[in-house]
Amino acid sequence: MASLNYRHSYHAGNIADVFKHYVLTLVLEALQRKDTPFCVVDSHAGAGLYELERGGEHEQGIGQLWPERSAWPMLASYLELVGRFNPGGRLRFYPGSPMVIREFLRPGDRAVLMELHPQEYGSLRECMYHAPGVAVHHINAWNGIRAFVPPKENRGLLLIDPPYEQPDEFADVIAALRYGMRHWRNGLYVAWYPIKLRRRIESFHRAVAGLKASAHAVEFITLPLDMDRRLNGSGLILINPPWQLLDVLRVNLPPLAQRLAGAGGAPQVRFIALSGPDVRASRPRGVRF
Ligand SMILES: C[S@@+](CC[C@H](N)C(=O)[O-])C[C@H]1O[C@@H](n2cnc3c(N)ncnc32)[C@H](O)[C@@H]1O
């Protein structure tokens with residue numbers, strides 16, 4: 001059963017969004033390095049653009065970075081993109097993944113956006129009204145992925161970002177990635193997941209490793225992994241990551257985690273080769289502070 005309780009607006013711009021959207025901008029920049037058209041399929045698109053409200057989770061995320069944005073040159077293209085939605089310089093709006101993707105489309109590129117929640121879908125349609133190359137679908141993503149992957153361009157990204165409100169959503173992600181590996185082996189894949197307790201994640205990683213793709217997990221943790229009920233960190237499964245992406249993340253993510261964790265946090269960035277050529281160094285590698 002798909003979840004319809006989750007609304008992303010309270011979470012928009014939080015630490016997990018900063019991490020996810022920063023990595024997304026780097027993947028999109030990499031896709032732009034070749035002239036041939038690409039397609040981005042965003043399976044759980046959300047509302048598109050969020051108005052930030054006092055007390056929201058963005059205060060620990062983009063809200064901390066925004067006043068000191070000139071001190072983060074390595075995040076320049078992500079922060080510049082957020083700035084396009086806040087022309088006066090005051091942080092009022094936060095772009096979700098569809099807006100991030102839209103900003104990177106060139107003539108001839110495409111985006112396929114799926115969203116199941118009726119209100120989120122309505123907002124998304126408004127955000128994307130007349131956006132060239134963008135198709136918005138009110139559809140259950142787990143069916144939609146099978147309809148829209150592989151895209152005809154045979155070049156691009158599948159972003160999978162479910163709310164994980166249902167216990168079977170880890171299994172749904174694995175099924176979607178398995179489908180992808182069968183039908184679009186050379187696609188790029190980014191799948192987000194929450195980290196609460198570490199042991200929950202291990203079987204997920206084993207299942208991704210079983211796909212026998214070039215798969216990595218990058219984990220961005222800012223709180224001690226000792227509570228099951230809160231989001232202590234989040235991870236991204238990256239399949240076929242663009243050249244040098246992991247090297248860039250190895251340099252840029254640790255200081256970002258340290259800054260966002262703040263005093264009393266427990267910043268940790270982990271890079272785990274799950275399967276593929278890099279797996280001989282397969283012991284989880286972490287950067288602790
Ligand atoms: C974490 S939010 C997406 C955030 C968005 N990707 C971003 O980065 O800005 C997850 C979204 O998935 C939607 N959703 C939940 N189950 C779904 C399903 N089975 N198919 C499509 N959308 C779904 C929710 O309504 C919610 O808007």
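Some ground rules. Residue numbers start from 1 along each chain as its sequence is written. Because the model is predicted, local features need pLDDT of at least 70 and side-chain atom pairs count only at pLDDT 80 or more, while totals for chains, interfaces and linings use all residues.

Confidence, then. pLDDT is the predictor's confidence in each residue, from 0 to 100. The chain has a mean pLDDT of 93, with 95% of its residues at 70 or more. Residues 283–289 stay under 50. Where pLDDT is low, the predicted coordinates should not be read in detail.

Now the helices, which are DSSP runs of H or I, at least four residues, numbered from the N terminus. Axes are lines fitted to C-alpha atoms over the stretch in contact, and angles run from 0 to 180 degrees between N-to-C directions.

How does α1 pack with α3? Helix α1, residues 15–32, meets helix α3, residues 76–84, at about 105°, with the axes 9 Å apart. That makes the two roughly perpendicular (65 to 115 degrees). In contact, meaning C-beta atoms placed from the backbone lie within 7 Å, are His 21, Tyr 22, Thr 25 and Glu 29 of α1 and Ser 77, Tyr 78 and Leu 81 of α3.

Next, helix α4, residues 97–104: its axis and that of α1 come within 10 Å and cross at roughly 25°. That makes α1 roughly parallel to α4 (under 35 degrees).

Terms used
Parallel < 35°, antiparallel > 145°, perpendicular 65-115°, else oblique. Contact = placed C-beta atoms within 7 Å.
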